[in-house]
Every structure is written in structure tokens, then in C-alpha cells.
Amino acid sequence: MAVAISKIGDVAVLLLDTPPVNAVAPAVAEDLMRCVQAALADPAVRAIVLGGAGKGFSAGADIADFDRAEAGGASMRALMVALDAAAKPVVAVLHGFALGGGLEIAMAAHWRVAAPGTQIGLPEINLGLLPGAGGTQRLPRLVGVAKALDMMMSGAAIGAEAAVVAGLVDEITQGDPIAAAVAFAAGATVRRARDRVVAADGAAIESARAAAAKRRLRMPALLALIDCVEAASTLDFDAAIAAEADRFDTLLASAASGGLRHAFMAERAVARLPGIPKGDAMVFETVAVIGAGTMGSGIAIALLDAGMHVVLIDLRPEPLAAAAGKIRRTLESQAERGRISADLAQSRVARLSVASDLAAAAPADLVIEAVFEDLAVKRAVFAELGRIVRPDAVLASNTSTLDVDAIARAAPGPERVVGLHFFSPANIMRLLEVIRGARTAPVVLGQVMALARRMGKVGVVSGVCDGFIGNRMFEEYLRQAYLLLEEGALPAQVDDAMEQWGFALGPLRVMDLAGQDIGWSIRKRRAVEQPERPYSRLPDLICEQGRFGQKAGAGWYLYPDGRKPLHDAGIDALVVAHSAMLGLARRAVGDAEIVERCLLALINEGARLLEDGIAARPLDVDQVWVHGYGMAPERGGPMFQADRMGLAHVLERLVSLSAGREGWAFRPAPLIRKLVDEGRDFASLNR
Ligand code: T1G
């Protein structure tokens with residue numbers, strides 16, 4: 001049974017019990033409805049207390065269910081009708097979390113009491129949905145239009161104490177929450193949220209619509225939500241509920257919600273890889289970071305934020321002192337902006353120590369080297385560390401492209417060596433590519449994957465290859481961007497097309513931000529290692545002018561203020577002249593072609609990564625692109641997009657493009673042809 005039933009005196013106590021988060025699948029909603037109806041029919045029952053077993057009240061409807069045929073909200077809505085019909089007092093007692101449909105159930109109860117610190121909210125917008133079980137009608141009746149809009153449009157949870165102030169929760173429980181709720185029920189009456197009148201708030205509605213207009217991919221769900229909230233003060237309750245249900249079902253079928261739900265489940269699935277045991281991140285209490293550059297400093301902040309002690313080591317006193325100052329200022333500014341308390345900021349600063357001697361790494365449980373991206377330098381550091389640290393200390397390299405196995409061979413115990421590829425800024429970007437060396441022990445992988453979660457990052461396991469998962473795909477994406485410039489597109493058009501489609505930044509603006517010199521050195525190395533895969537010369541031309549991007553004040557764009565990219569007609573002229581030098585007649589290139597060529601480049605290389613065993617599943621590739629390269633989660637990721645496009649169509653387009661200019665870059669990965677022949681899609685490889 002999904003509901004644990006008991007009685008305390010004349011109060012029926014019903015506890016949702018579907019671990020781990022009391023998600024409410026249709027069958028669970030039906031079970032709960034039957035239990036409520038039985039309690040209402042029982043003459044010995046005077047009141048009902050609704051609660052949740054385990055770590056929280058409920059995380060809402062079962063997200064995994066939405067892609068199954070019988071999904072939709074019918075059973076949840078029937079439960080709401082049953083609660084609305086209750087002629088006996090129903091008291092919901094919340095603890096841990098009450099989110100989505102879980103909060104909607106609680107709002108259909110007559111009273112709500114909550115344990116201190118309970119997180120309460122309607123996060124459906126983060127799934128491209130709106131609350132589909134009465135939330136858009138009951139929340140405004142309880143907290144008013146403006147507060148309801150704020151909660152549902154942000155999807156952010158509020159604490160129990162704030163919920164009392166807002167009028168959503170009636171009392172904070174003291175001691176055992178169930179006992180407190182039963183005591184509360186003694187004086188409870190029937191008081192339905194649906195019977196309240198909502199004061200119209202046209203100003204809040206209009207400003208919400210203006211805010212929604214700026215959130216392109218999320219706009220349909222936001223506008224539908226706002227319409228429902230507006231209806232709370234213009235339509236009668238049942239008519240508004242019917243309208244909410246229609247809009248919910250439409251959003252449920254939308255591409256954006258499909259992408260967001262895939263991203264939600266994939267973000268959790270990446271941590272579950274066959275053969276890798278669940279690790280304990282608490283084994284890492286002291287972490288030494290070698291190298292006080294941009295990456296080392298960012299990694300140190302991320303570790304301090306996650307509660308660890310950090311020893312930042314750099315043999316050069318000036319960069320070390322500068323880094324320590326930057327770390328301190330960053331933590332203090334988080335307190336000044338109210339993101340953390342001043343005490344917490346100070347405690348984090350206190351857990352940082354600096355040293356200019358590798359010997360300071362001796363007590364470390366984990367060492368992360370973030371020194372210059374040169375194999376010989378990294379190998380020398382590992383060799384030295386091998387003589388200093390404990391034999392059970394984990395050694396990690398933050399290399400972004402170098403061979404982790406070659407680095408591992410420099411230190412004793414390659415089974416404890418792993419790559420931890422942080423993305424800059426390391427204290428902001430959520431992606432962490434966890435590079436599995438040939439000899440890396442599964443227990444070490446489990447531990448560093450748990451470390452990723454402890455740091456609030458999304459750890460994705462990658463094998464060893466040039467560029468791992470993300471950068472190897474990014475190089476093919478860049479290759480197409482450059483070729484499109486040669487054929488007729490201009491830089492701003494390429495970037496705008498990809499940003500309109502759903503990237504935070506277009507590929508050329510990304511390289512201006514990351515540093516064109518980094519791309520240049522990769523192309524020079526690859527010219528030697530992969531001469532059969534030449535790039536356009538265009539990016540080299542701007543590098544030869546010293547235009548290394550934002551840090552140099554100019555790249556593909558100009559940066560007079562050091563931040564905002566400005567169009568540079570001189571670069572357009574350079575692009576046009578280069579086409580002429582190549583003897584290419586420039587042609588009109590549409591945005592759709594730009595998006596297609598760039599996406600197909602990602603999909604094809606992603607398939608090759610799966611064939612090579614570098615990426616374990618398509619969902620791992622998807623998460624790399626959502627959390628490391630700014631692809632909107634509404635798009636789900638490149639492999640999710642390929643399934644949306646249809647693999648037969650993807651194959652047909654790859655075959656067609658491979659017959660064109662520089663077509664070798666689109667030669668279809670055999671895995672795609674295999675899946676098409678078998679009538680399967682990438683999702684079938686995620687199971
Ligand atoms: N449905 C199904 N599974 C869920 C789930 C859900 N709603 N929430 C969590 N899980 C799984 C998750 O995949 C993971 O599985 C495990 O639980 C632990 O999750 C009708 C339509 C509650 C704050 O959006 O925010 O209600 O990996 O790792 O860090 O209007 O989970 O162990 O196999 O995140 O302690 C709206 C989403 C649904 C809440 C707990 N609700 N969940 O965080 O654990 S739509 C949400 C969370 C809806 C109604 C609408 C968090 C959490 P596995 P976790 P956590």
C-alpha cells in the first residue's frame with residue numbers, strides 16, 4: 001500500500017509512503033483517495049491528518065510517470081475533488097519538503113502545519129509545466145496573486161516559517177509533527193481554500209507577463225500559468241480548474257517540457273553508472289589544490305563552499321597571494337550580497353590555507369592539480385606528489401585535454417588517479433567531467449562522483465580521449481561554425497542563430513570568452529595529430545592578429561568595455577575576403593542551416609563517443625551539454641534532440657551533407673546507422 005494508515009484517538013492518520021520522496025504516481029493518488037474516503041465514511045473518525053513517511057511529505061507527482069500513456073493528472077484531480085468534498089476537518093502535516101502535487105494535496109486539505117525548515121513550493125515551471133492539480137487556483141486564494149505568481153514563476157521553494165507569514169501554513173509544529181498535527185486537529189474545522197475569493201491584481205499580472213516575455217523557451221508555460229492565476233479572480237473555481245487542466249495537458253505534450261523532464265531525470269541518472277559503487281564524499285575532508293591560477297582559485301572556492309578544508313599550493317608567492325585575496329573577496333562578496341551569512345563566509349575563509357611548498361599536500365585526502373596545461377609539467381607534479389602524499393590519497397588532474405593515463409603513470413598507484421575536469425568558472429559551472437583512467441579504481445570513481453554531488457555539481461564519467469566528451473564534441477561544432485563563415489554566414493549570424501535556438505552563448509562568443517589562443521593551440525596540435533581533419537584558417541587569422549578574445553579586447557568581436565561583445569565590421573570584411581581567397585562564391589546561409597549543421601556535428605561526434613566507450617550513455621552526453629556548454633535544458637541535450645528529430649532523418653541528413661563541401665566531417669557514425677537499422681533510438685541506450 002502506498003499509504004500507511006493508523007488512528008490516534010478519533011483522528012485517522014494517513015501517511016504517504018512511497019520512498020524515496022513520496023512521489024505521487026496515479027496509483028498512489030488513487031490509494032490515497034480511497035483511504036481518505038474510507039476515513040470520511042468511518043463514524044469513529046472525527047478528523048484526518050495527512051502526512052508523509054520518510055524524509056519528506058511529498059516531492060509531488062511522479063515525474064517518471066509523465067511519459068507513460070496513463071499519465072496526466074486525472075487521478076490527482078479526482079483526489080482533489082475527494083478532499084474538497086470532505087465534511088470532516090483534514091489537517092496536512094508537512095516536513096522535509098512539500099513540492100508540486102504534494103503541496104497541492106496539502107492545499108486541498110483544510111489546514112496545514114509544518115515542521116521547522118520544511119521546504120514548500122510549486123516547482124513545476126522547472127519541468128515546463130504548471131501546477132496541474134489545483135495549485136494555480138488554491139495558492140492565490142491562500143497567499144494572494146502577487147506572491148502566488150512569484151512562487152510559481154520562480155519555482156523556488158520557501159521555508160515553513162516564510163510560509164506561515166505568507167498565509168500558506170497555519171502553524172509551525174513543536175516536537176513530533178504527527179502528534180502536533182493530531183493535537184491541532186482537535187480544534188480544526190472544515191475550511192476550504194476553494195471557498196476564498198481572490199482579490200484581482202492586474203498590476204502583478206501585467207508585470208508577470210512582461211517578465212515572461214523575456215524567457216523565450218519558458219514563455220509558453222509562464223504565460224499559461226499567468227492566465228490560470230488571472231482566472232482565479234475572474235472565473236468560478238471549477239471553470240478555472242478545468243482551464244488549468246487543459247493548459248497542463250498541453251504543456252505536458254510540449255517539446256520544452258519533454259526536454260526539461262529528460263534533463264531532470266538524466267541529472268540524477270548520471271550518478272548511477274553500472275560497476276561504480278555509491279561513494280562517500282565525506283572521506284575528502286582536506287583537499288590540496290596545486291596551482292593558484294584561475295582554475296585553481298575557482299576549484300578552491302567550490303571546495304570551500306562545499307565545506308572542505310583547502311590547502312592552495314603554488315611555488316610562486318605573488319600568484320599565490322593574489323589568489324588567496326581573490327578567494328577571500330569572492331567569499332566575502334557572497335555575504336555582502338546576502339547569499340550566505342557573514343559567519344559562514346568567515347568560516348569558509350578560515351578553512352583556506354596557502355603554501356608555496358608541495359610538502360603542504362602531505363595530509364590531504366585528495367589532491368587536485370591545476371597547473372599549466374603541459375604534460376611534462378603535470379607529470380613532474382604527480383611524481384613529486386607521489387613521494388609526499390599518503391598512499392590512499394586520491395590524485396586528480398584538472399586537465400582539459402591531456403591523457404590522464406600518461407599523467408597517472410608518473411605517480412605510484414595509478415588506481416587512485418582520476419581526472420577532474422572542472423569548467424570555468426569552477427565555483428559556478430555545474431559540470432564536472434570525471435575522467436576514468438585505464439587503472440582508476442571503481443571505489444575512487446564512486447568517491448569523486450559523490451564529491452561532485454557534495455559540491456552541487458553534475459559529475460559525468462568520461463573515458464580518456466582528446467577533449468573527453470564535451471571538448472571533443474565542441475571541436476566539431478566549432479569546425480562547422482567556421483565552415484559556415486567561409487560559405488556565406490557572418491559571425492553575429494552564427495552566434496545569434498545558436499542563441500535563438502537555445503544556447504546561452506553562440507560558439508564564436510564562447511571562444512572569445514574562453515580565449516582564442518586556447519582554440520589555436522588545440523588546432524595546432526590537431527594539425528599534427530589529425531592532418532586528415534583540417535579546420536578553416538579563419539580562426540587562425542584572427543589569432544595571428546593577437547585578437548585572443550575578451551581578455552585581449554578583441555576577438556571575433558570588439559570589447560571596448562572588456563565585457564560586452566560589439567560587432568566589428570573589420571572581421572566581417574576579413575571573413576568575406578577569406579571566402580574570395582578560397583575561390584568560394586558566398587551564398588545566403590539561413591539560420592535553420594546553421595542550427596542543423598551545428599547540431600548534427602554534435603550528434604555525430606556524440607555517437608562516436610558512445611561507440612568508443614568514452615561516454616557511457618546518451619544521457620551522459622546530454623548532461624555535459626546542458627551543464628557545461630549552456631544548452632537550454634528545454635532542449636534536453638544533443639542526443640535527446642536527435643531522437644526528437646528522428647534518427648532516420650538524422651542519418652539521411654548526414655549522408656546528404658557528407659556529399660557536400662568538406663563532407664568528410666559528416667560521415668555518419670556507424671552507431672547511428674545501426675540504431676536506424678534496428679528501429680531504435682538513443683533513448684534505448686539509456687536504460
Ligand atoms: N518524481 C519522481 N521521482 C522523483 C521526484 C518526482 N517528483 N523527485 C525526486 N525523485 C527521485 C529522483 O529522481 C531521485 O531518484 C530520488 O527521487 C532522489 O531525488 C501535478 C505535475 C524532492 C528536493 O519538481 O526537487 O507535481 O536517482 O536526488 O537531493 O502539479 O528530488 O534516487 O533514482 O533529487 O534529496 C514537481 C522534484 C513534480 C520536485 C529531494 N516536483 N524533486 O532532493 O534527492 S510535477 C518536483 C526535487 C508535479 C503536479 C505536478 C528533489 C527533492 P534516484 P534527489 P534530494
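In the predicted model described here, His 110 occupies the loop between α3 and β6 (111-114), where helices (H or I, at least four residues) and strands (E, at least two) are DSSP runs numbered from the N terminus. Residues are numbered from 1 along each chain as its sequence is written, and side-chain values use heavy atoms, with hydrogens and water left out. Because this is a predicted model, local features need pLDDT of at least 70 and side-chain atom pairs count only at pLDDT 80 or more, whereas totals for chains, interfaces and linings use all residues.

With a relative accessible area of 1%, His 110 is buried, the classes being buried under 20% relative accessible area, exposed over 50% and partly exposed in between, for a 1.4 Å probe and protein chains only. When residues up to four places away in sequence are not counted, His 110 touches Leu 83, Ala 86, Lys 88, Pro 89, Val 90, Thr 189, Val 190, Arg 191 and Arg 192, contact meaning heavy atoms within 4.5 Å.

A nitrogen atom of the ligand lies 2.8 Å from a backbone N or O atom of Ala 59, while oxygen atoms of the ligand lie 3.1 Å from a polar side-chain atom of Lys 55 and 2.8 Å from a polar backbone atom of Ala 61. Taken alone, the ligand exposes 990 Å², and the protein buries 75% of that area, as calculated by the Shrake-Rupley method with a 1.4 Å probe.

Ser 536 lies in the loop between α21 (516-529) and α22 (538-544) and is buried, at a relative accessible area of 5%. Its side chain is joined to that of Glu 486 by a polar contact of 2.7 Å, and a polar atom of the Ser 536 side chain lies 2.9 Å from the backbone nitrogen of Leu 538. Apart from neighbours within four places in sequence, Ser 536 is in contact with Tyr 482, Glu 486 and His 578.

Arg 430, found in the loop between β15 (417-422) and β16 (431-435), is partly exposed, with a relative accessible area of 32%. Outside the four places on either side in sequence, Arg 430 is in contact with Glu 267, Gly 456, Lys 457, Val 458 and His 627. The loop between β15 and β16 also holds Pro 425, and the peptide bond from Ser 424 to Pro 425 is cis, with omega near -5°.

Most residues other than glycine have a negative phi, and most peptide bonds are trans. A cis peptide bond with omega of about 5° joins Pro 19 and Pro 20, and Pro 20 is found in the loop between β2 (11-16) and α1 (26-41). Asn 22 lies in the loop between β2 and α1, has a positive phi of about 55° and counts as buried at 2% relative accessibility. Glu 662, in the loop between α27 (647-657) and α28 (670-677), has a positive phi of about 50° and counts as partly exposed at 29% relative accessibility.

Key
Polar contact = N/O pair within 3.5 Å; in protein donor to acceptor, adjacent residues only side chain to side chain.
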